[in-house]
Amino acid sequence: MAAPNKKHDKPTTGHSWDGIEEFDNPLPRWWLWIFYACIIWSGIYMIFYPAWPLVHSATTGILGYSSRGDVEAEITAADQANQVWYDRLTSTDLNAIADDAELQRFAVNAGAAVFRAQCSQCHGAGAAGVVGAGFPNLLDDEWMWGGTLDDIVTTVTYGIRNDEFPDARWSEMPSFGRDELLTPEEIDQVVNHVLNISGQPHDATLAAAGAEVFDYNCSSCHGIDGEGDIYSGAPALNNAIWLYGGTEADIRATVNNAHFGIMPGFTNRLSEAQVRAVAVYVHQLGGGQ
Amino acid sequence: MSSSEETPQLYQAREPVFPRRVYGAFRTLKWWLMAFTLGIYYLTPWIRWDRGPNLPDQAVLIDLGNRRFFFFMIEIWPHEFYFVAGLLIMAGIGLFLFTSALGRVWCGYACPQTVWTDLYILVERWIEGDRNARLRLYRQPWGAEKIRKYGTKWLVWLLIGMATGGAWVFYFTDAPTLLRDLVTLQASPIAYGTIGFLTATTFLFGGFFREQVCIYGCPWPRIQAAMMDEDTITISYRDWRGEPRGKQRKGEAEGSHGDCIDCMACVNVCPMGIDIRDGQQLACITCGLCIDACNDIMDKIGKPRGLIGYMALTDESRERSGNAPKSIWKHVFRPRTIVYTTIWGGIGLGLLVALFLRTDIDMSIAPVRNPTHVVLGDGSVRNAYDIRLRNMNAEAREFELSVVDHPDIALSMEGVEGQVVLVGPDEQLNQRVYLTAAPGTDEGNARSTPVRIWVSIQGEATRDYRDTVFNGRGQ
């Protein structure tokens with residue numbers, strides 16, 4: 001029969017805190033076995049997986065595993081899974097995509113990814129453009145070259161005013177001041193006319209004279225009432241939206257020197273499905289027509 | 001202990017514990033608790049609860065795939081996770097309460113490690129016999145009998161482990177379907193993997209690690225020390241009554257020994273393999289089996305019961321000096337436990353109120369901040385909001401959105417005509433919503449205006465609102 005209180009005879013570590021001592025208990029044996037098992041495991045791991053750093057690389061292990069390879073395989077698998085959707089996107093009529101809720105959802109998400117990678121540099125991550133600097137806001141209700149899905153696809157495919165594609169949209173505003181097509185007085189008058197039709201403070205006398213100047217020089221593109229024309233990419237001047245700024249100084253600068261905004265065409269960089277996806281994405285941002 | 005010059009061993013093999021069978025009040029209580037807790041665990045997934053055609057009919061279901069938690073008439077969505085957090089906090093405070101009042105009562109009676117170990121020991125006893133038979137078999141060299149008995153025992157343990165892992169996965173998907181899939185080998189690898197893992201842990205923890213889980217692995221015994229005080233009810237050996245221990249021999253004077261006859265009954269029944277007469281110790285889970293064992297012996301030798309018993313530390317000195325102990329109730333009802341109970345009950349009450357006050361619609365608004373606003377051709381100002389509508393109902397319903405306080409702000413939705421949108425049964429819908437302030441209005445010109453967006457259900461009185469901000473041109 002065991003002696004009573006045998007536990008109290010166990011050796012202590014010799015440490016004593018306020019009279020509290022610590023037993024020097026042995027570790028459980030199974031803990032030791034787990035420790036040995038871990039050592040063996042690490043040996044096996046080093047054989048099968050990358051382990052030892054070398055100067056420029058590391059040992060590869062006999063499985064040839066790498067996390068980069070993992071990512072590549074995942075990307076390939078994701079692309080393959082998406083291929084079905086891209087096929088549907090190209091085979092469906094552009095205006096019928098919205099009727100297929102699933103396809104629309106895919107197009108919006110895929111288009112958002114394309115937009116972030118290809119478009120956001122100029123048009124901004126939120127597609128609001130840069131107001132006054134010539135990068136159009138894609139959220140508002142004015143489209144210089146048309147805001148239907150077909151129009152957007154054409155614009156994305158070939159771009160604006162670039163020599164690369166004959167099909168690119170093209171127009172050029174004359175530099176009325178720099179090329180002396182209008183006198184400074186006439187420019188004064190037409191600027192005040194534009195301020196008038198866009199509902200801003202102006203000199204009524206100058207504006208009245210400017211109406212005639214506008215009629216002769218500007219209305220063939222910008223329209224009789226300054227309502228703009230999507231076939232020549234002439235922005236509406238009778239509203240609150242300005243691509244290069246709407247103050248008197250901004251308008252004067254535009255009439256004097258004109259602007260020639262260029263957008264690249266994406267047909268060589270994006271697949272047809274990607275172009276359609278980004279068009280669907282832009283179309284549903286609030287401005288689509 | 002041998003001489004102190006001997007080098008102490010660095011590593012120590014486990015000393016196997018062979019608890020002897022015991023009868024008594026605490027043992028009976030433990031059997032009932034085991035049946036009750038295991039019954040809840042194994043049977044709950046099979047209770048059905050009709051929720052209509054669009055929702056699962058399992059009473060308790062953690063639907064991770066669809067992110068829903070079903071508990072009888074209650075359905076919890078992910079955004080209502082505070083209910084789960086509240087229940088976890090209540091569980092924590094409940095442990096504080098029980099520990100400060102009754103010591104390690106959780107460890108001794110309700111902890112899964114204790115319950116399953118108890119079940120495994122029961123199986124062991126059925127197959128190999130009681131303590132002495134098991135000890136004898138353990139010391140026997142391997143032979144036909146040992147292989148047969150150990151093999152049978154391990155097989156039964158494995159089956160219990162499989163049932164345990166199996167019951168666990170039933171909580172996460174429709175139980176009858178999953179059982180059919182499991183049997184026909186159609187179930188997902190995750191299900192088999194989970195069952196395999198839990199089978200292995202149950203088998204190892206219940207069959208082999210046993211008391212070592214509590215002594216080496218579990219943080220709870222360490223934490224509990226901070227929650228116990230001198231009023232906590234715990235198990236004690238009344239050494240002033242029992243010592244000096246030993247058997248009354250012929251020729252020895254009456255009264256030369258205490259009540260303890262050193263029969264080792266309390267040690268032999270202990271599932272932790274400790275001697276309670278050494279005093280309260282970390283390894284004691286206060287399961288009460290030594291009390292049952294000792295009471296039995298006291299009855300046999302004609303001494304009063306209670307040489308080992310539940311008592312508080314303050315009573316020890318009281319009893320030692322011959323005074324009557326305080327009643328159990330006075331120990332249990334003290335400021336500390338009352339505070340714990342109040343907090344516990346307060347949280348519970350709060351959760352109940354929240355549960356009954358919640359509506360079955362929900363809306364959250366994320367204003368689009370890039371850009372903050374868009375100026376349209378006619379000079380009106382438009383803000384966009386990503387609105388999340390949740391229809392926490394088994395029927396599809398039409399949600400109507402509106403702005404009431406600002407007549408100059410119009411509400412429209414992307415891809416939807418009008419202000420009404422259909423949300424499917426038990427689904428959530430992400431909808432882009434536009435608010436447009438008419439040209440020249442205060443809202444359009446101000447930097448920002450608070451607005452309230454209302455959501456209501458067509459044909460029902462249910463409605464709710466969220467406050468957000470409308471950004472104008474800031475002129």
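The contact between the chains takes 26 residues from chain B and 28 residues from chain A, contact meaning heavy atoms within 4.5 Å. The structure is a predicted model, in which local features need pLDDT of at least 70 and side-chain atom pairs count only at pLDDT 80 or more, while totals for chains, interfaces and linings use all residues. Residues are numbered from 1 along each chain as its sequence is written, chains are lettered from A and ligands numbered from 1 in the order in which they are written, and side-chain values use heavy atoms, with hydrogens and water left out.

The size of an interface is often given as the accessible area lost when the parts come together. Between them, chain B and chain A bury about 2,500 Å², and 56% of this lies on carbon and sulfur atoms; buried area is the accessible area (1.4 Å probe) that two parts lose on being put together, summed over both. Zero salt bridges are counted between chain B and chain A, a salt bridge being a side-chain nitrogen of Lys or Arg within 4 Å of a carboxyl oxygen of Asp or Glu.

Two helices of chain B were examined along their length. Helices (H or I, at least four residues) and strands (E, at least two) are DSSP runs, numbered from the N terminus. Helix α1 (residues 25-43) of chain B has 19 residues, which should span 27 Å at 1.5 Å a residue, and its end C-alpha atoms are 27 Å apart, in agreement; the expected span is 1.5 Å times one less than the number of residues. In α1(B), the buried residues are R27(B), K30(B), M34(B), L38(B) and Y41(B). They lie on the same side of α1(B), because they cover an arc of only 55 degrees around the axis, the arc being that of the directions from the helix axis to the C-beta atoms. Buried means under 20% relative accessible area, exposed over 50%, and partly exposed in between (1.4 Å probe, protein chains only). A25(B), W32(B), F36(B) and L43(B) are exposed on the other side of α1(B). The packing partners of the buried residues of α1(B) are α3 (105-110), α4, α6 and α13 (289-301) of chain B.

Helix α8 (residues 189-209) of chain B has 21 residues and reaches 28 Å from its first C-alpha to its last, close to the 30 Å expected at 1.5 Å a residue. Its buried residues are A191(B), I195(B), L198(B), T199(B), T202(B), F203(B), G206(B) and G207(B). These cover an arc of only 135 degrees around the axis, so they fall on the same side of α8(B). They pack against α4 (112-128), α6 (144-170) and α7 (175-183) of chain B. On the other side of α8(B), the exposed residues are P189(B), I190(B) and F197(B).

L97(B) lies in helix α2 (residues 82-102) of chain B and counts as buried at 15% relative accessibility. Its C-alpha atom is separated by 5.6 Å from that of Y340(B), 243 residues apart along the chain. Not counting residues up to four places away in sequence, L97(B) touches T337(B), Y340(B) and T341(B).

The largest nonpolar core has 39 residues, and those with the most contacts inside it are L89(A), I97(A), F115(A), Y281(A) and V282(A). Such a core is a set of buried Ala, Val, Leu, Ile, Met, Phe, Trp, Tyr and Cys residues joined through side-chain atoms within 4.5 Å. Two or more residues of this core come from each of α3 (101-123), α4 (149-158) and α9 (272-283) of chain A, and α3(A) gives the most, with nine residues.

Over all chains, the structure holds 38 salt bridges. D239(B) forms one with R320(B), the closest N and O atoms being 3.4 Å apart. D239(B) lies in helix α11 (residues 239-242) and R320(B) in helix α14 (residues 313-320) of chain B, so the pair ties together parts that are 81 residues apart in sequence. D239(B) is partly exposed, with a relative accessible area of 29%, and R320(B) is partly exposed at 44%. D275(B) forms a salt bridge with R277(B), with the closest N and O atoms 3.0 Å apart; both residues are buried.
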